[in-house]
Amino acid sequence: DLVRRLYRLLKNESISGLRSVVALAKKCYKQALNSFPGDIESTPDPLLRTHLKLLQGNALLGAGMNREAREVFFQVYRICRIEGLQSDYRKISLKALMNAGLATKNLGDFKAAVQFYREVISTKILVAPSQEIQIRNLLGSLLTKMKDLTQAGVELYCALKLAQELGEDKLEADVNLNIAVLEFARNDSCKALEFFEKSRSLAGSDMERRIRVELNMGTLLCDQGEDEQAWVFFDKAQDYARRNDLERYLPLILTNLANIRQKQGVVREAVMLAEEASSLASKLEIDDQWIKDCRSEERR
(Lines give C-alpha, C1' and ligand atoms only; values in the text may rest on other atoms or scores of the structure.)
Protein backbone atom coordinates (compact mmCIF):
# COMPACT_ATOMS: atom_id res chain seq x y z
CA ASP A 1 0.00 0.00 0.00
CA LEU A 2 2.81 2.40 0.90
CA VAL A 3 4.68 1.67 -2.32
CA ARG A 4 1.54 2.19 -4.43
CA ARG A 5 0.84 5.55 -2.79
CA LEU A 6 4.42 6.65 -3.25
CA TYR A 7 4.29 5.62 -6.89
CA ARG A 8 1.34 7.98 -7.43
CA LEU A 9 2.98 10.79 -5.44
CA LEU A 10 6.27 10.54 -7.31
CA LYS A 11 4.88 10.37 -10.83
CA ASN A 12 5.10 14.12 -11.33
CA GLU A 13 7.89 14.89 -8.89
CA SER A 14 10.98 12.71 -9.24
CA ILE A 15 11.97 10.15 -11.84
CA SER A 16 14.90 8.99 -9.70
CA GLY A 17 12.64 8.69 -6.67
CA LEU A 18 10.18 6.67 -8.72
CA ARG A 19 12.93 4.32 -9.83
CA SER A 20 14.03 3.80 -6.25
CA VAL A 21 10.49 2.90 -5.18
CA VAL A 22 10.10 0.38 -8.01
CA ALA A 23 13.50 -1.20 -7.24
CA LEU A 24 12.64 -1.44 -3.54
CA ALA A 25 9.28 -3.07 -4.32
CA LYS A 26 11.25 -5.72 -6.24
CA LYS A 27 13.64 -6.11 -3.27
CA CYS A 28 16.55 -4.91 -5.41
CA TYR A 29 18.08 -3.03 -2.50
CA LYS A 30 21.37 -1.93 -4.03
CA GLN A 31 19.61 -0.69 -7.14
CA ALA A 32 17.15 1.20 -4.96
CA LEU A 33 19.97 2.91 -3.06
CA ASN A 34 21.63 3.98 -6.30
CA SER A 35 18.33 5.44 -7.58
CA PHE A 36 17.37 7.65 -4.63
CA PRO A 37 17.37 11.42 -5.24
CA GLY A 38 20.72 13.01 -4.37
CA ASP A 39 19.14 15.33 -1.83
CA ILE A 40 15.95 13.97 -0.28
CA GLU A 41 15.76 17.03 2.00
CA SER A 42 15.05 19.22 -1.03
CA THR A 43 11.78 17.35 -1.74
CA PRO A 44 9.10 20.06 -1.25
CA ASP A 45 6.26 17.87 0.01
CA PRO A 46 7.00 17.10 3.72
CA LEU A 47 5.01 13.84 3.76
CA LEU A 48 6.69 12.61 0.57
CA ARG A 49 10.07 13.61 1.99
CA THR A 50 9.43 11.54 5.13
CA HIS A 51 8.21 8.60 3.03
CA LEU A 52 11.39 8.73 0.97
CA LYS A 53 13.61 8.78 4.05
CA LEU A 54 11.77 5.74 5.41
CA LEU A 55 12.28 3.89 2.12
CA GLN A 56 15.92 4.90 2.06
CA GLY A 57 16.25 3.32 5.50
CA ASN A 58 14.49 0.19 4.22
CA ALA A 59 16.91 -0.04 1.30
CA LEU A 60 19.90 0.37 3.63
CA LEU A 61 18.48 -2.32 5.90
CA GLY A 62 17.86 -4.69 2.97
CA ALA A 63 21.41 -4.11 1.74
CA GLY A 64 22.79 -5.00 5.18
CA MET A 65 23.93 -1.48 6.11
CA ASN A 66 22.40 -1.71 9.56
CA ARG A 67 24.04 1.20 11.38
CA GLU A 68 23.18 3.69 8.65
CA ALA A 69 19.67 2.26 8.39
CA ARG A 70 19.07 2.60 12.12
CA GLU A 71 20.15 6.24 12.11
CA VAL A 72 17.77 7.00 9.23
CA PHE A 73 14.90 5.26 11.05
CA PHE A 74 15.63 7.33 14.18
CA GLN A 75 15.48 10.50 12.06
CA VAL A 76 12.15 9.45 10.55
CA TYR A 77 10.70 8.59 13.96
CA ARG A 78 11.71 11.99 15.36
CA ILE A 79 10.09 13.76 12.42
CA CYS A 80 6.87 11.82 12.92
CA ARG A 81 6.78 12.60 16.64
CA ILE A 82 7.12 16.30 15.85
CA GLU A 83 4.19 15.99 13.42
CA GLY A 84 2.08 14.53 16.24
CA LEU A 85 1.63 11.03 14.80
CA GLN A 86 -1.35 12.12 12.73
CA SER A 87 -2.73 9.55 10.29
CA ASP A 88 -0.04 8.99 7.61
CA TYR A 89 2.79 10.05 9.90
CA ARG A 90 1.60 7.53 12.45
CA LYS A 91 1.98 4.70 9.93
CA ILE A 92 5.45 5.87 8.97
CA SER A 93 6.42 6.18 12.64
CA LEU A 94 5.42 2.58 13.29
CA LYS A 95 7.46 1.29 10.35
CA ALA A 96 10.47 3.35 11.44
CA LEU A 97 10.33 2.03 14.99
CA MET A 98 9.85 -1.57 13.86
CA ASN A 99 12.75 -1.40 11.43
CA ALA A 100 15.02 0.40 13.90
CA GLY A 101 14.48 -2.61 16.13
CA LEU A 102 15.31 -4.97 13.28
CA ALA A 103 18.52 -3.09 12.46
CA THR A 104 19.44 -3.16 16.16
CA LYS A 105 18.83 -6.92 16.27
CA ASN A 106 21.05 -7.39 13.20
CA LEU A 107 23.80 -5.50 15.02
CA GLY A 108 23.61 -8.02 17.86
CA ASP A 109 21.93 -5.87 20.55
CA PHE A 110 18.94 -8.10 21.30
CA LYS A 111 17.96 -6.41 24.57
CA ALA A 112 17.66 -3.01 22.92
CA ALA A 113 15.68 -4.55 20.05
CA VAL A 114 13.24 -6.12 22.52
CA GLN A 115 12.75 -2.68 24.08
CA PHE A 116 11.91 -1.24 20.65
CA TYR A 117 9.22 -3.83 20.01
CA ARG A 118 7.74 -3.59 23.49
CA GLU A 119 7.56 0.17 23.07
CA VAL A 120 5.64 -0.27 19.82
CA ILE A 121 3.05 -2.42 21.61
CA SER A 122 2.84 -0.24 24.74
CA THR A 123 2.57 3.13 22.95
CA LYS A 124 -0.52 1.96 21.06
CA ILE A 125 0.67 3.25 17.68
CA LEU A 126 -0.26 0.00 15.93
CA VAL A 127 -2.75 0.75 13.17
CA ALA A 128 -3.68 -2.75 11.98
CA PRO A 129 -3.92 -6.27 13.47
CA SER A 130 -1.36 -7.51 10.92
CA GLN A 131 1.19 -5.16 12.45
CA GLU A 132 0.61 -6.64 15.89
CA ILE A 133 1.30 -10.07 14.39
CA GLN A 134 4.61 -8.84 12.98
CA ILE A 135 5.68 -7.18 16.21
CA ARG A 136 4.81 -10.14 18.44
CA ASN A 137 6.51 -12.51 16.00
CA LEU A 138 9.72 -10.48 16.01
CA LEU A 139 9.56 -10.15 19.79
CA GLY A 140 9.03 -13.89 20.23
CA SER A 141 11.97 -14.66 17.95
CA LEU A 142 14.28 -12.39 19.91
CA LEU A 143 13.14 -13.81 23.24
CA THR A 144 13.87 -17.31 21.94
CA LYS A 145 17.42 -16.26 21.09
CA MET A 146 17.73 -14.77 24.58
CA LYS A 147 16.58 -18.13 26.07
CA ASP A 148 13.42 -16.61 27.60
CA LEU A 149 11.38 -19.48 26.18
CA THR A 150 8.27 -19.03 28.33
CA GLN A 151 7.70 -15.42 27.29
CA ALA A 152 8.69 -16.26 23.72
CA GLY A 153 5.89 -18.85 23.65
CA VAL A 154 3.37 -16.30 24.93
CA GLU A 155 4.22 -13.84 22.15
CA LEU A 156 4.48 -16.39 19.32
CA TYR A 157 1.32 -18.34 20.02
CA CYS A 158 -0.58 -15.07 20.42
CA ALA A 159 0.76 -14.00 16.99
CA LEU A 160 -0.23 -17.37 15.50
CA LYS A 161 -3.79 -17.08 16.77
CA LEU A 162 -4.11 -13.57 15.30
CA ALA A 163 -2.67 -14.68 11.94
CA GLN A 164 -5.10 -17.60 11.71
CA GLU A 165 -8.07 -15.40 12.65
CA LEU A 166 -7.14 -12.88 9.93
CA GLY A 167 -6.31 -15.51 7.31
CA GLU A 168 -2.84 -13.97 6.82
CA ASP A 169 -1.02 -16.92 5.22
CA LYS A 170 2.35 -15.21 4.72
CA LEU A 171 2.44 -13.88 8.25
CA GLU A 172 1.31 -17.27 9.53
CA ALA A 173 4.26 -18.82 7.66
CA ASP A 174 6.61 -16.46 9.50
CA VAL A 175 5.10 -17.23 12.89
CA ASN A 176 5.11 -20.99 12.27
CA LEU A 177 8.81 -20.81 11.48
CA ASN A 178 9.63 -19.02 14.72
CA ILE A 179 7.45 -21.42 16.71
CA ALA A 180 9.39 -24.29 15.13
CA VAL A 181 12.63 -22.71 16.34
CA LEU A 182 11.09 -22.21 19.79
CA GLU A 183 9.93 -25.84 20.03
CA PHE A 184 13.35 -26.98 18.90
CA ALA A 185 14.87 -24.91 21.74
CA ARG A 186 12.42 -26.70 24.05
CA ASN A 187 13.85 -30.03 22.78
CA ASP A 188 10.61 -31.06 21.07
CA SER A 189 11.97 -32.01 17.61
CA CYS A 190 8.74 -33.63 16.43
CA LYS A 191 6.72 -30.53 17.14
CA ALA A 192 9.42 -28.37 15.58
CA LEU A 193 9.34 -30.37 12.34
CA GLU A 194 5.56 -30.07 12.24
CA PHE A 195 5.76 -26.28 12.37
CA PHE A 196 8.62 -26.17 9.85
CA GLU A 197 6.49 -28.05 7.34
CA LYS A 198 3.53 -25.73 7.94
CA SER A 199 5.78 -22.75 7.33
CA ARG A 200 7.22 -24.24 4.13
CA SER A 201 3.73 -24.92 2.78
CA LEU A 202 2.47 -21.42 3.54
CA ALA A 203 5.62 -19.72 2.19
CA GLY A 204 4.97 -21.02 -1.33
CA SER A 205 7.17 -19.24 -3.89
CA ASP A 206 8.22 -16.37 -1.60
CA MET A 207 12.01 -16.68 -1.85
CA GLU A 208 12.90 -14.81 1.34
CA ARG A 209 10.55 -16.94 3.39
CA ARG A 210 11.84 -20.08 1.67
CA ILE A 211 15.41 -19.14 2.60
CA ARG A 212 14.45 -18.84 6.25
CA VAL A 213 12.70 -22.21 6.18
CA GLU A 214 15.61 -23.99 4.44
CA LEU A 215 18.15 -22.36 6.74
CA ASN A 216 16.33 -23.37 9.90
CA MET A 217 15.60 -26.88 8.62
CA GLY A 218 19.31 -27.29 7.93
CA THR A 219 20.13 -26.13 11.46
CA LEU A 220 17.73 -28.67 12.96
CA LEU A 221 19.21 -31.52 10.88
CA CYS A 222 22.74 -30.51 11.87
CA ASP A 223 21.79 -30.71 15.51
CA GLN A 224 20.48 -34.21 14.89
CA GLY A 225 23.77 -35.20 13.26
CA GLU A 226 22.29 -35.41 9.74
CA ASP A 227 24.97 -33.27 8.10
CA GLU A 228 24.54 -34.56 4.54
CA GLN A 229 20.82 -33.76 4.58
CA ALA A 230 21.49 -30.43 6.26
CA TRP A 231 23.93 -29.51 3.47
CA VAL A 232 21.12 -29.88 0.91
CA PHE A 233 18.95 -27.37 2.77
CA PHE A 234 21.77 -24.88 3.36
CA ASP A 235 22.91 -25.13 -0.25
CA LYS A 236 19.37 -24.51 -1.46
CA ALA A 237 19.15 -21.46 0.82
CA GLN A 238 22.48 -20.24 -0.61
CA ASP A 239 21.18 -20.59 -4.16
CA TYR A 240 18.00 -18.65 -3.32
CA ALA A 241 20.01 -15.89 -1.62
CA ARG A 242 22.47 -15.43 -4.48
CA ARG A 243 19.80 -15.42 -7.19
CA ASN A 244 17.36 -13.09 -5.45
CA ASP A 245 19.43 -10.16 -4.13
CA LEU A 246 19.22 -11.52 -0.57
CA GLU A 247 22.92 -11.36 0.24
CA ARG A 248 22.34 -10.57 3.91
CA TYR A 249 21.46 -14.23 4.55
CA LEU A 250 24.74 -15.53 3.14
CA PRO A 251 27.05 -15.10 6.18
CA LEU A 252 24.94 -17.44 8.31
CA ILE A 253 24.35 -19.90 5.45
CA LEU A 254 28.05 -20.04 4.54
CA THR A 255 29.06 -20.46 8.18
CA ASN A 256 26.79 -23.49 8.43
CA LEU A 257 28.27 -24.95 5.26
CA ALA A 258 31.80 -24.30 6.56
CA ASN A 259 30.96 -25.99 9.84
CA ILE A 260 29.75 -29.13 8.03
CA ARG A 261 32.87 -29.32 5.86
CA GLN A 262 35.05 -28.80 8.95
CA LYS A 263 33.41 -31.77 10.69
CA GLN A 264 33.87 -33.84 7.52
CA GLY A 265 37.58 -33.01 7.42
CA VAL A 266 37.35 -31.05 4.15
CA VAL A 267 39.54 -28.30 5.59
CA ARG A 268 40.34 -26.28 2.47
CA GLU A 269 36.69 -25.84 1.48
CA ALA A 270 35.73 -25.14 5.10
CA VAL A 271 38.28 -22.33 5.28
CA MET A 272 37.13 -20.82 1.96
CA LEU A 273 33.49 -20.83 3.05
CA ALA A 274 34.31 -19.45 6.48
CA GLU A 275 36.43 -16.64 5.06
CA GLU A 276 33.66 -15.62 2.66
CA ALA A 277 31.14 -15.68 5.53
CA SER A 278 33.40 -13.53 7.69
CA SER A 279 34.06 -11.06 4.86
CA LEU A 280 30.36 -10.71 4.06
CA ALA A 281 29.42 -10.36 7.73
CA SER A 282 31.88 -7.50 8.06
CA LYS A 283 30.69 -5.86 4.83
CA LEU A 284 27.03 -6.16 5.83
CA GLU A 285 27.67 -5.02 9.43
CA ILE A 286 26.29 -8.27 10.86
CA ASP A 287 27.39 -8.90 14.45
CA ASP A 288 26.24 -12.47 15.01
CA GLN A 289 27.82 -14.24 18.00
CA TRP A 290 26.96 -17.63 16.53
CA ILE A 291 29.04 -16.86 13.43
CA LYS A 292 31.91 -15.72 15.65
CA ASP A 293 31.70 -18.87 17.74
CA CYS A 294 31.75 -21.07 14.62
CA ARG A 295 34.77 -19.21 13.24
CA SER A 296 36.52 -19.70 16.59
CA GLU A 297 35.78 -23.45 16.50
CA GLU A 298 37.19 -23.73 12.97
CA ARG A 299 40.50 -22.18 14.05
CA ARG A 300 41.08 -24.76 16.82
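A: A nonpolar core is here a set of buried Ala, Val, Leu, Ile, Met, Phe, Trp, Tyr and Cys residues that are joined through side-chain atoms within 4.5 Å. The model is a predicted one, and in it the largest such core has 69 residues, of which Ile 211 and Ile 253 touch the most other members. Helix α6, which runs over residues 87-106, gives the most to this core, with 8 residues. As general background, nonpolar side chains in soluble globular proteins tend to be buried together. For the protein as a whole, 49% of the 300 residues count as buried, and the secondary structure comes to 16 helices and 0 strands. Among the contacts with a separation of 6 or more, 56% are accounted for by residues 24 or more positions apart.

If residues up to four places away in sequence are not counted, Ile 211 touches Ala 237, Tyr 240, Ala 241, Leu 246, Tyr 249 and Ile 253. Leaving aside neighbours within four places in sequence, Leu 246 is in contact with Met 207, Glu 208, Ile 211 and Ala 241. Leu 246 and Gly 64 are 182 residues apart in sequence, while their C-alpha atoms are 9.4 Å apart in space.

Asp 245 is partly exposed, at 28% relative accessibility, and its phi is near 55°, a positive value in a residue other than glycine. Most residues other than glycine have a negative phi. A second case is Asn 187, with a positive phi of about 70° although it is not a glycine. Asn 187 is found in the loop between α10 (169-185) and α11 (189-203), and with a relative accessible area of 69% Asn 187 is exposed.

Helix α14 (residues 250-264) packs with helix α15 (residues 267-283) at an angle of about 160°, their axes being 8 Å apart. Angles over 145 degrees count as roughly antiparallel, and α14 and α15 are therefore roughly antiparallel to each other. Their crossing is left-handed. On the α14 side the contact is formed by Leu 250, Pro 251, Leu 254, Thr 255, Leu 257, Ala 258, Arg 261 and Gln 262, which meet residues of α15 including Leu 273, Ala 274, Ala 277 and Leu 280. The residues of this contact between α14 and α15 divide into 11 nonpolar, 2 polar and 3 charged.

Another pair can be described in the same terms. Helix α4 (residues 46-62) and helix α5 (residues 66-82) pack with their axes 8 Å apart and at an angle of about 160°, which makes α4 roughly antiparallel to α5. The crossing of α4 and α5 is left-handed. Among the residues of α4 in this contact are Leu 54, Leu 60 and Leu 61, and among those of α5 are Val 72, Phe 73, Val 76 and Ile 79. By class, the contact of α4 with α5 has 9 nonpolar, 6 polar and 2 charged residues.

Not counting residues up to four places away in sequence, Arg 136 touches Ile 121, Glu 155, Leu 156, Cys 158 and Ala 159.

Note on methods: Residues numbered from 1 in each chain as written. Predicted model: local features only at pLDDT ≥ 70, side-chain atom pairs only at ≥ 80, totals over all residues. Heavy atoms only, no water. Buried < 20%, exposed > 50% of the residue type's maximum accessible area, 1.4 Å probe, protein only. Helix = DSSP H or I, 4+ residues; strand = E, 2+ residues; numbered from the N terminus. Contact = heavy atoms within 4.5 Å. Axes fitted to C-alpha atoms, helices over the stretch in contact; angles between N-to-C directions. Parallel < 35°, antiparallel > 145°, perpendicular 65-115°, else oblique. Left-handed = near helix turned anticlockwise from the far one by under 90°. Nonpolar A, V, L, I, M, F, W, Y, C, P; charged D, E, K, R; others polar.
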